[in-house]
Each structure stands twice: as structure tokens, then as C-alpha cells.
Amino acid sequence: GLGCTPARTTILDVSIEELAHAAGVGFTTIYGRAEDLDPTARYDGVLCVQTIDHLTDPLTMLRRVQQVLTPGGWFYVDMVDHLCWCSAVAGKLAYKVDHPINWSRSAFHRALTTTGWRVRGTLLSNLGIHYGVLCTRKD
């Protein structure tokens with residue numbers, strides 16, 4: 001091998017079904033929300049996909065991930081670009097009822113920088129509707 005240590009991955013979710021599936025294929029699982037993570041836990045990387053749009057308090061989640069990320073660790077998070085979704089899918093201004101916050105890219109970046117993140121890279125997917133960012137802590 002390359003001398004790499006195998007990664008240990010923990011899945012955090014509020015869906016019992018998703019956690020059962022993850023446990024079934026060998027992942028460690030935690031029932032809950034990112035805001036409820038033990039602040040003394042440490043993770044080298046956090047991946048938050050198709051989640052932040054559904055939170056009523058995303059800033060608390062962004063701050064909690066800051067607390068649990070090891071120095072030099074990375075954080076990837078994506079969101080639905082609301083204006084892009086409106087024009088590409090809905091064809092007019094509309095709202096997704098399961099998204100308490102309808103993000104624009106600029107508002108998303110403000111939320112990240114306000115909570116102490118430095119954006120290192122971006123990724124567009126799904127017709128440019130999903131917008132992801134790779135971040136590190138500013139410290």
C-alpha cells in the first residue's frame with residue numbers, strides 16, 4: 001500500500017432508515033443533527049450534502065462544525081441556488097416548501113464567512129442548481 005491509514009467514517013442523520021442502511025454497510029452512525037454533535041468530538045473532514053437547505057438554523061450548524069473540525073481539516077457543504085432553481089426548473093419565482101431558507105450564492109458565502117469559514121473551492125452540479133463549497137477554518 002501507500003502507507004495510508006484507512007478512513008473511519010461516521011454518518012450523522014435524523015433518518016432511522018438512512019442510519020440503518022449506513023450501519024448495514026459498516027459505517028459508524030449517530031442519530032441526530034449537526035447542531036447536537038458533541039462539541040468535544042473531533043473530525044478531520046465533514047461532508048454536508050443536500051442538508052443545509054432543510055435546516056431552520058444553519059448558522060448554528062456551521063458554527064458547530066467549526067468546533068468539531070480538527071485544525072487543517074476540511075468542510076464541504078452544498079446548497080440549492082434558489083435563483084438558478086427558479087429559472088431552470090420552476091420557470092418563475094417559486095419556493096421549495098421543504099427549504100426554510102432559499103439561498104443565493106452571495107447569501108451562502110456571507111453565512112460561511114460570518115461563521116468563520118474560508119472558501120477554498122466551489123463546484124456546480126445538477127444543471128448548476130446545486131452549488132458546493134470546500135472550506136477550511138479561518139484560524
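Predicted model: local features only at pLDDT ≥ 70, side-chain atom pairs only at ≥ 80, totals over all residues.
1. Is R105 buried, partly exposed or exposed? R105 counts as partly exposed, because its relative accessibility is 29% and that class lies between the 20% limit for buried and the 50% limit for exposed.

2. Layout. The chain has 4 helices and 6 strands. Their order along the sequence is β-α-β-β-α-β-α-α-β-β. The chain has 139 residues, and 38% of them count as buried. If contacts between residues at least 6 apart in sequence are considered, 55% of them link residues at least 24 apart.

3. Nonpolar side chains tend to be buried together in soluble globular proteins. Here the largest nonpolar core has 20 residues, and I52, M61, F75 and F108 have the most contacts inside it. At least two residues each come from strand 3, helix 2, strand 4, helix 4 and strand 6. Strand 4 is the element that gives the most, with 4 residues.

4. Setting aside neighbours within four places in sequence, M61 is in contact with A34, E35, C48, I52, L55 and F75. Another core, of 5 residues, lies apart from the largest one; among its residues are C84, W85, C86 and I129.

5. Helix 2. This helix covers residues 58–68, and its buried residues are P58, M61, L62, R64, V65, Q66 and V68. Which elements cover them? The cover includes strand 3 (43–48), strand 4 (69–80), helix 4 (105–114), strand 5 (117–125) and strand 6 (130–137).

6. Salt bridge of R105. Side chains of opposite charge can pair when their charged atoms come close. The model contains 4 salt bridges. In one of them R105 pairs with D81, with the closest N and O atoms 2.6 Å apart. R105 is in helix 4 and D81 is in the loop between strand 4 and helix 3 (82–90), so this pair ties together parts that are 24 residues apart in sequence. The two partners fall in separate accessibility classes: R105 is partly exposed at 29%, whereas D81 is buried, because its relative accessible area is 7%.

7. Network around R33. Salt bridges that share partners join R33, E35 and D36 into one network. R33 meets E35 at 3.9 Å, N to O. R33 also pairs with D36, where the closest N and O atoms are 3.1 Å apart. As to accessibility, R33 is partly exposed at 41%, and D36 is partly exposed at 48%. E35 is buried, because its relative accessible area is 11%. E35 is also one of the residues in contact with M61.

8. Cavity. How many cavities of 30 Å³ or more are there? The count is 1, and the largest cavity has a volume of about 30 Å³. D53, V80, H82, H99, I101, N102 and W103 line the largest cavity. By type, this lining divides into 3 nonpolar, 3 polar and 1 charged.

Notes:
Residues numbered from 1 in each chain as written. Heavy atoms only, no water. 1 Å grid on protein atoms, 1.4 Å probe; cavity = no way out; pocket = protein on both sides within 12 Å on 5 of 7 lines; lining within 4 Å. Points joined across faces, edges and corners; volume = space filled by probe spheres on them. Nonpolar A, V, L, I, M, F, W, Y, C, P; charged D, E, K, R; others polar. Buried < 20%, exposed > 50% of the residue type's maximum accessible area, 1.4 Å probe, protein only. Contact = heavy atoms within 4.5 Å. Salt bridge = Lys/Arg side-chain N within 4 Å of Asp/Glu carboxyl O. Core = buried A, V, L, I, M, F, W, Y, C linked by side-chain atoms within 4.5 Å.
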